[in-house]
Amino acid sequence: MSTESDEPESSSVLFIDDDPDIVKAARLLLMREGIAVTGAASPDAAWPLLAGRSFDVILLDLNFARGQTSGAEGFAMLDRLLAADRNAIIVVVTGHSGINIAVQAMRAGASDFVIKPWNNERLVATVQRATDLRRAKTKAAPDIAANTEDRLLLGEDASIVRARDTIARVAPTGAAVLIQGPAGSGKSLAARALHHASALADQPLVTLAAGTPLSDADIIDAAARARGATLLIEDVGELGAALQPTLARALSDVRVIATSCEARAELKARLDKDLLYRLNTIEITLPPLGQRGGDALLLARHFLALFAGRYGKPAKALTYEAEEAIAADSWPDDVRGLRQAMERAVLLGTGEEHGVDDFGFAIDDDDHRPRAIAADLNLTRSEKVLVEAALKRHNFNVSRAAKDLGLTRAALYRRMAKYEL
Ligand SMILES: Nc1ncnc2c1ncn2[C@@H]1O[C@H](COP(=O)(O)OP(=O)(O)OP(=O)(O)O)[C@@H](O)[C@H]1O
């Protein structure tokens, strides 16, 4: 938001670095220049902050895991940040030995780099330059400063990593993309992410809701408005047979993204061949949340932090039982249902932590385990989920996680290898 004042506008920095002392040093230094620094200890911890607001500059450490020097995690984050906001201003932070890596990062889209330990004056100058660059870009395209919640397809399950990768690769091409998945699984979000990452991001995204009553004229009108831009056809499998040829004919000079709850075979039976051919050059499938491993827990934490920020409530941790129940639930209303459950918990939860009661899970009276776990007969999956939850809870400290799980360190390491954690 711009302010009418002679004072220079203060700027905001998100510093993603696992070393709290480094973040603190930057905060104290930059504060004197009117620059506010928010810290995030890991890429995971950064997303809820990014979803809730926008930052002028992102300082990104490239190495997170202890002893890592390849920068792989930082590069992955750099790609994701730029996919979420192609005008993000990212300054990578690296040690002396990482100059080559910093140069590679700039080739990959970073705006600048800082070498640790830094020279104070140089850090201030770099951040100020980066802020100016952001301001210039924001002026050119005012909507980029809007919060990025509608572009972040979060998750670490292989299916979501693949979906993000496909989005990043096909967005600039203009190819037609069909996104399949159950209701509430993130199809519209994926479509918007695709649009924002495309060369047509500055043009409108026209939506045609195929599941609502439509006439030929509605279809022709939507396609005309989307000419030279992108048409999002939601629930394309619901489109009446009589209207399908009209749509197929109207889709010239339009980038098409379609979503469908139906799987491919069903869609094939329902849709006119020409229309399907026009829609499914590239297919992206979003599996139900209950089949995405640890993503339910990751998303739950994300939404809790997001809503805590939005409603000005304290950020609370989840109890162990609540984590287990969230990880093991089948989430019939998918991500939408989980999102609502987390919003309700933030608004209504009264305890110091979010417990199972905040989410309407019932505890089994016999073994004091959440019922959702008892109902899940897939032992392998439950074990993976529990191991992952314990590791995350203890910030990947293996000794503490092993103790929590009642395992020896060796037994935990074996399971981590088995589940590729
Ligand atoms: N991977 C994700 N990361 C973050 N938020 C998500 C994710 N997936 C879904 N959401 C959020 O969950 C809600 C439901 O997602 P969305 O509307 O995209 O689902 P949909 O599959 O299009 O549903 P429908 O078929 O009912 O239209 C939205 O608020 C969306 O932002």
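Which residues in H1 are buried? In this predicted model, the buried residues of helix H1 include Val23, Ala26 and Leu30. Seen down the axis of H1, its buried residues fall within an arc of 65°, so they line one face of the helix. The other side of H1 carries the exposed residues Pro20, Asp21, Leu28 and Met31. The helix covers residues 20–31, and at 1.5 Å a residue its 12 residues should span 16 Å; the end C-alpha atoms are 16 Å apart, which agrees.

UniProt, in an unreviewed entry, lists Asp61 for "modified residue: 4-aspartylphosphate". Asp61 lies in strand E3, which comprises residues 57–61. A residue counts as buried if 20 or more other C-beta atoms lie within 10 Å of its own; Asp61 has 27 other C-beta atoms within 10 Å and is therefore buried. Leaving aside neighbours within four places in sequence, Asp61 is in contact with Ile16, Asp17, Asp18, Gly74 and Val93.

The strand that holds Asp61 is mostly covered, with 5 of its 5 residues buried. In a regular strand, side chains alternate between the two faces of the sheet. Both faces of E3 are covered: Val57, Leu59 and Asp61 are buried on one side, and Ile58 and Leu60 are buried on the other.

Strand E3 runs parallel to E1 (residues 11–16), joined by 4 bridges, and parallel to E4 (residues 90–95), also joined by 4 bridges. Ile16, a contact of Asp61, has Leu60 as its bridge partner in E3. Val93 is likewise a contact of Asp61, and Val93 is also the bridge partner of Asp61 in E4.

**The sheet of five strands**

An open sheet of 5 strands has the order E7-E8-E9-E6-E10, with parallel pairing. Strands E7 (205–209) and E10 (282–285) stand at the edges, each with a single partner strand, so one side of each is left without a neighbour in the sheet. From one strand to the next, the twist averages 20°. Helix H8 (residues 216–225) packs on the sheet and touches E7 and E8; the direction of H8 makes about 165° with that of E7. Within the sheet, Thr230 has Arg255 as its bridge partner in E9.

| Strand pair | Sense | Bridges |
|---|---|---|
| E1 (residues 11–16) and E3 | parallel | 4 bridges |
| E3 and E4 (residues 90–95) | parallel | 4 bridges |
| E8 (residues 230–234) and E9 (residues 255–260) | parallel | 4 bridges |

Conventions. Residues numbered from 1 in each chain as written. Predicted model: local features only at pLDDT ≥ 70, side-chain atom pairs only at ≥ 80, totals over all residues. UniProt positions renumbered as here; feature names shortened; annotations may be inferred. Helix = DSSP H or I, 4+ residues; strand = E, 2+ residues; numbered from the N terminus. Buried ≥ 20, exposed ≤ 12 C-beta atoms within 10 Å, placed from the backbone. Contact = placed C-beta atoms within 7 Å. Pairing = 2+ DSSP bridges. Expected span 1.5 Å × (residues − 1). Arc of directions from axis to C-beta. Axes fitted to C-alpha atoms, helices over the stretch in contact; angles between N-to-C directions.
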